[in-house]
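Thanks for coming, everyone. I'll keep this brief and go through charges, rings and a pocket. Here is the structure.

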Amino acid sequence: MRIPAHSVCTAIRDDIVSGVFERGSRLTEELLARRYGVSRVPVREALRTLESEGFVVTRRHAGACVAEPTEEEAADLLEVRMLLEPLGAARAAQRRTEAHLKVLRGLVRLGQERARRGEGEDLRSLGGWFHETLAQASGSPGLIALLTQLRHKTAWMYTVEQPARPVESWAEHGAIVDAVARRDAERARALATQHVERAAAAHRLRRADRPGRRPDTSRADRVRTSQQSVNTTGVRN
């Protein structure tokens with residue numbers, strides 16, 4: 001597989017998120033350069049970037065390896081996302097363009113139609129596109145980068161079940177867009193907070209236990225406690 005050098009970081013990240021490279025596995029420059037059809041220079045740069053993002057760690061005598069996030073780190077990730085996504089919605093209400101609104105309304109219309117018909121196959125990708133566009137509408141490069149990274153890491157650490165009531169979920173999306181269209185930042189923030197909290201309940205931690213390794217139930221309990229505390233402090237998803 002040959003890809004442009006500037007896309008190496010994205011390709012490695014996607015393969016980590018999708019599980020092609022398992023947690024804890026080594027990432028040698030030679031192997032990656034051969035896999036993506038590039039020299040070792042862009043691979044080395046990509047690994048440095050991915051280490052700064054938390055996907056890769058450098059270990060003595062082993063070199064670059066896929067990180068192995070703890071349950072506590074995963075719980076922290078959701079909490080940070082719960083704080084930043086409402087901020088992104090508020091910023092979108094202040095800075096969105098008509099082009100952003102057109103895309104957001106189109107996504108809501110598609111999502112609502114498919115939810116009513118029970119066509120759940122595309123709802124997850126439509127939801128991801130919706131939240132990506134909402135972040136772009138914030139007009140804040142730093143916030144967009146953080147939210148993008150959080151979405152990648154959430155997909156890596158969690159499986160996300162389809163909402164039990166997809167019609168209601170897409171009605172929430174529509175209400176957020178209405179607030180953004182009216183430039184009502186506080187309303188957009190409050191609605192996004194409620195939406196993110198409800199969505200967080202569908203997140204299930206991916207189990208990456210190695211053969212013969214006993215699950216750490218104390219850690220799992222702490223994650224559940226952390227998530228419950230997030231959901232009861234008024235920080236909603």
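Let's start with one side chain, Arg35. Its relative accessible area is 31%, so Arg35 is partly exposed. One caution before going on: this is a predicted model.

What does Arg35 pair with? Arg35 makes a salt bridge with Asp15, and their closest N and O atoms are 3.0 Å apart. Asp15 sits in helix H1, residues 8–18, and Arg35 in helix H2, residues 29–36, so this bridge ties together parts 20 residues apart in sequence. Now the Asp15 end. Asp15 has 11% relative accessibility, so Asp15 counts as buried. The cut-off there is under 20%. Who else touches Asp15? Leaving out residues up to four places away in sequence, Asp15 touches Val20, Phe21, Arg35 and Tyr36.

How many salt bridges does the structure hold in total? Eleven. I'll take two more.

Next, Glu29 with Arg40. Their side chains meet in a salt bridge at 3.4 Å, N to O. This pair also links distant parts of the chain: Glu29 is in helix H2, Arg40 is in helix H3, residues 40–53, and they are eleven residues apart. Buried or exposed? Glu29 is buried, with a relative accessible area of 19%. Keep the cut-off in mind: buried means under 20%. Arg40 is partly exposed, at 44%.

Then Glu186 with Arg189. The closest N and O atoms of this salt bridge are 3.8 Å apart. The limit for a salt bridge is 4 Å. Why do these two sit about one turn apart? Both are in helix H9, residues 185–200, and they are three residues apart, so about one helical turn separates them. Glu186 is exposed, with a relative accessible area of 53%. Arg189 counts as partly exposed, at 29% relative accessibility. Back to Glu29 and Arg40 for a moment: salt bridges with shared partners join Glu29, Arg40 and Arg44 into one network.

On to rings. How many aromatic pairs does a search of the whole structure find? Two. Phe55 and Trp156 form a tilted pair, 5.1 Å centre to centre, with 40° between the planes. Phe55 lies in the loop between H3 and strand E1, residues 56–59, while Trp156 is in helix H7, so the pair ties together parts 101 residues apart in sequence. Phe55 and Trp156 are both buried.

The other pair is Phe130 with Trp170. This one is edge-to-face: 6.2 Å centre to centre, 70° between the planes. Phe130 is in helix H6 and Trp170 in helix H8, 40 residues apart, which makes this another link between distant parts of the chain. Phe130 is buried, at 0% relative accessible area. Trp170 counts as buried too, at 3%.

Last item, the largest pocket. It holds about 1,100 Å³ of space. Its lining has 38 residues; Arg124, His131, Val160, Ala199 and His203 lie nearest the centre. Which elements supply at least two lining residues each? H1, helix H4 (71–95), H6 (123–137), H7 (141–157), strand E3 (158–160), H8 (166–181) and H9.

Technical notes. Residues numbered from 1 in each chain as written. Predicted model: local features only at pLDDT ≥ 70, side-chain atom pairs only at ≥ 80, totals over all residues. Heavy atoms only, no water. Helix = DSSP H or I, 4+ residues; strand = E, 2+ residues; numbered from the N terminus. Buried < 20%, exposed > 50% of the residue type's maximum accessible area, 1.4 Å probe, protein only. Contact = heavy atoms within 4.5 Å. 1 Å grid on protein atoms, 1.4 Å probe; cavity = no way out; pocket = protein on both sides within 12 Å on 5 of 7 lines; lining within 4 Å. Points joined across faces, edges and corners; volume = space filled by probe spheres on them. Phe/Tyr/Trp six-rings, centres within 6.5 Å; stacked < 30°, edge-to-face > 60°.
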